[in-house]
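Try each task on your own before you read its solution.

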Amino acid sequence: MCGIVGYVGPNVPSSRPQGVAMDGLRRLEYRGYDSAGIAVHTGDEIVVRKRAGKLQNLVDAIEADPVPDGVASIGHTRWATHGGPTDVNAHPHVAGDGALAVIHNGIIENFAPLRRELVEDGVEFLSETDTEVVAHLLARAYDGDITAAMLEVVGRLEGAFTLLAQHRDQPGVVVGARRSSPLVVGLGDGENFLGSDVSAFISGTKRAMELSEDQVVTITPTSVDVVGFDGTPATGRTYEVDWDAAAAVKDGFPTFMDKEIHDQPAAVRDTLLGRRDEQGHLVLNELRIDEAVLRQVDKVIIIACGTASYAGHVAKYAIEHWCRIPCEVELASEFRYRDPIVTERTLVVAISQSGETMDTLMAVRHAREQGSKVLAIVNTFGSTIAREADAVLYTHAGPEIAVASTKAFLAQITGCYLLGLYLSQLRGYKYDDEVAGYLEELAAMPDKISTVLDEQQERVRELARSLKDEDSVLFLGRHVGFPVALEGALKLKEIAYIHAEGFAAGELKHGPIALVDEGTPVFIIVPTPRRPVLHQKVISNIQEVRARGARAIVVAEEGDTEVEQFAEFVIRVPRTPTLMMPLVTTVPLQIFASEVAAARGLDVDQPRNLAKSVTVE
Ligand code: M6R
């Protein structure tokens with residue numbers, strides 16, 4: 001939520017500060033696109049341009065009113081919280097007669113009393129944002145040192161925030177602060193960067209430095225200084241980003257979502273890489289939790305949001321089946337508010353693509369406070385959840401830019417399965433050869449995903465175009481097909497703005513079947529006929545909806561001829577073991593949603609009201 005970029009370069013004014021800020025905003029726009037703005041320090045003054053709406057509006061504004069060359073810059077792309085998406089509410093916010101500019105991601109929870117105090121002091125506010133409060137506080141605290149001012153001000157702020165600020169009197173300095181909101185440093189040669197994530201500066205440098213909670217960082221062209229909010233000097237861990245700018249481009253696809261759907265065979269393959277030792281045993285070297293502790297685990301609770309939570313639902317079937325440990329799945333946003341029963345023997349598994357989702361982060365903290373171990377399954381290296389968890393298992397899906405999560409979902413399922421197999425191996429519920437067998441089944445999945453893409457894509461896109469004007473679409477599934485149905489419905493709601501619901505197929509007759517009308521499209525995820533009882537039940541469910549006039553669109557395994565007589569449209573997936581089926585059955589639903597959204601003329605990658613990384617609760 002909100003993307004932030006900061007840059008300080010050589011002391012000779014050039015167009016690079018503006019270029020870095022605009023390039024960073026282009027890469028960060030997926031984090032919020034209600035408005036965008038930059039501030040460029042020319043060496044003498046700070047020049048601000050900002051516009052409501054997509055980044056293109058800012059580009060047009062700068063074209064009409066060019067920004068002079070400069071030595072440093074900050075840039076912001078916004079997902080609105082306090083105050084609507086207007087030019088005035090767009091960041092940067094300035095104070096001190098234009099001497100100071102600030103950008104912010106997060107929420108200042110005590111902004112109301114602070115604003116009252118400033119108003120009583122005679123300050124006039126231009127915007128409705130909580131951020132402007134920080135700008136005025138900083139201007140008031142400034143006494144020749146922007147870092148000192150930041151340290152003074154952060155002590156007065158409650159809530160979660162990343163802040164970047166620059167002052168007219170310190171041209172070659174940008175200062176940042178972070179609390180429970182992301183900020184990474186990019187280490188350049190004679191220049192340094194700040195960003196909400198590494199994509200902000202990936203075309204400038206691949207060398208990055210993590211910051212911890214409650215730290216202030218000051219960058220100049222040649223230095224990076226970190227201190228805690230209490231002023232204690234600190235250092236951050238540095239690392240090399242293992243992907244480059246080319247991974248975050250559309251690569252010839254019309255949208256990032258399409259590209260990321262096609263990245264899925266690689267995402268699953270890369271997540272499986274390097275997980276077996278020479279004897280073929282599953283090894284998860286990155287787990288930092290003692291094996292003895294993992295052997296004692298008597299309950300697993302998976303916490304996550306949105307698509308990541310559906311990956312958790314899929315994982316529950318596998319973990320309970322393979323490990324015989326009870327496994328609950330809980331929405332992270334609900335977890336800490338219901339007094340959950342977690343003990344030292346509970347393993348809490350947090351799933352998150354971004355590793356920054358505030359609901360999930362807060363649930364992680366709550367679980368750790370209760371004494372349980374937290375293992376994070378995360379895609380973004382060095383993210384807050386990855387750093388705060390006791391252990392981390394990285395998925396290797398690469399950067400996911402489209403707001404609708406696709407490849408991260410399949411990689412999350414893969415990561416969860418690795419964890420489940422590891423626990424069952426460790427606890428002796430599965431023999432080594434059984435674990436090896438499952439790993440081989442997993443290793444076969446990338447090719448099967450490619451088969452779905454190669455053979456079904458055009459048919460599904462055609463179907464999507466024919467259904468683009470529907471008002472409502474239902475999705476049904478049983479067993480692991482149920483979370484797939486939920487995911488199919490979420491994708492359609494999220495990017496095509498069509499009412500869609502996913503149901504457990506057996507639950508339909510308890511109410512939702514009343515939604516089925518003449519012609520209602522109903523997707524049904526059919527389990528393999530090699531699970532005859534499950535298969536038969538779903539066949540009956542298809543008949544139930546057809547009897548009420550539904551158009552049955554069936555996702556079924558190749559060779560399952562029985563479904564043909566009951567379906568208007570059959571989407572085929574390769575023969576796959578039951579637990580692995582979500583890795584193939586999800587793919588046509590993603591393609592369907594992306595094509596419906598495109599056919600409706602919508603912005604597939606940046607759907608309305610949403611942001612990629614939800615860093616507020
Ligand atoms: O970064 P996370 O995996 O923690 O994000 C969780 C959800 O916000 C995310 O999956 C969201 O539901 C997606 N937009 C769905 O496509």
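**Exercise 1.** Find which residues Ala408 touches, leaving out those up to four places away in sequence, and decide whether Ala408 is buried or exposed.

*Solution.* Keep in mind that you are looking at a predicted model.

- Step 1: Locate the residue. Ala408 lies in helix 13, which covers residues 407–426.
- Step 2: List the contacts. Beyond its neighbours up to four places away in sequence, Ala408 touches Gln353, Ala397 and Glu400.
- Step 3: Ala408 and Gln353 are 55 residues apart along the chain, yet 6.0 Å separates their C-alpha atoms.
- Step 4: The relative accessible area of Ala408 is 1%. Buried means under 20%, so Ala408 is buried.

**Exercise 2.** Work out where Ser180 sits and which residues it touches, again leaving out those up to four places away in sequence.

*Solution.* 

- Step 1: Ser180 belongs to the loop that runs between strand 8 (174–179) and strand 9 (184–187).
- Step 2: Name the contacts. They are Ala160, Glu213, Met358, Leu361, Met362 and Arg365, with residues up to four places away in sequence not counted.
- Step 3: Look at Arg365 again. Its side chain and that of Ser180 are joined by a polar contact of 2.9 Å.

**Exercise 3.** Describe how domain 1 and domain 2 meet: what area is buried between them, and how many salt bridges are counted?

*Solution.* 

- Step 1: Find the domains. The domain assignment gives domain 1 as 3–246, domain 2 as 261–443 and domain 3 as 456–599.
- Step 2: Take the distance between centres. Over C-alpha atoms, the centres of domain 1 and domain 2 are 34 Å apart.
- Step 3: Count the residues in contact. Domain 1 brings 13 residues and domain 2 brings 14.
- Step 4: Read the area. About 1,100 Å² is buried between domain 1 and domain 2, and carbon and sulfur atoms give 60% of this. Tyr30, Ser180 and Glu210 supply 38% of the area that domain 1 buries against domain 2, more than any other three residues.
- Step 5: Count the salt bridges. There are two between domain 1 and domain 2. As for Glu210, its side chain forms a salt bridge with that of Arg387, at 3.7 Å from N to O.
- Step 6: Sort the residues. On the side of domain 1 that touches domain 2, seven are nonpolar, two polar and four charged.

Definitions and conventions. Residues are numbered from 1 along each chain as its sequence is written. This is a predicted model: local features need pLDDT of at least 70, side-chain atom pairs count only at pLDDT 80 or more; totals for chains, interfaces and linings use all residues. Side-chain values use heavy atoms; hydrogens and water are left out. Domain bounds come from an automatic or database domain assignment. Contact means heavy atoms within 4.5 Å. Buried area is the accessible area (1.4 Å probe) that two parts lose on being put together, summed over both. A salt bridge is a side-chain nitrogen of Lys or Arg within 4 Å of a carboxyl oxygen of Asp or Glu. Ala, Val, Leu, Ile, Met, Phe, Trp, Tyr, Cys and Pro count as nonpolar, Asp, Glu, Lys and Arg as charged, and the others, Gly among them, as polar. Helices (H or I, at least four residues) and strands (E, at least two) are DSSP runs, numbered from the N terminus. A polar contact is a pair of N or O atoms within 3.5 Å; within protein, one must be able to donate a hydrogen and the other to accept it, and residues adjacent in sequence count only if both atoms are side-chain atoms. Buried means under 20% relative accessible area, exposed over 50%, partly exposed in between (1.4 Å probe, protein chains only).
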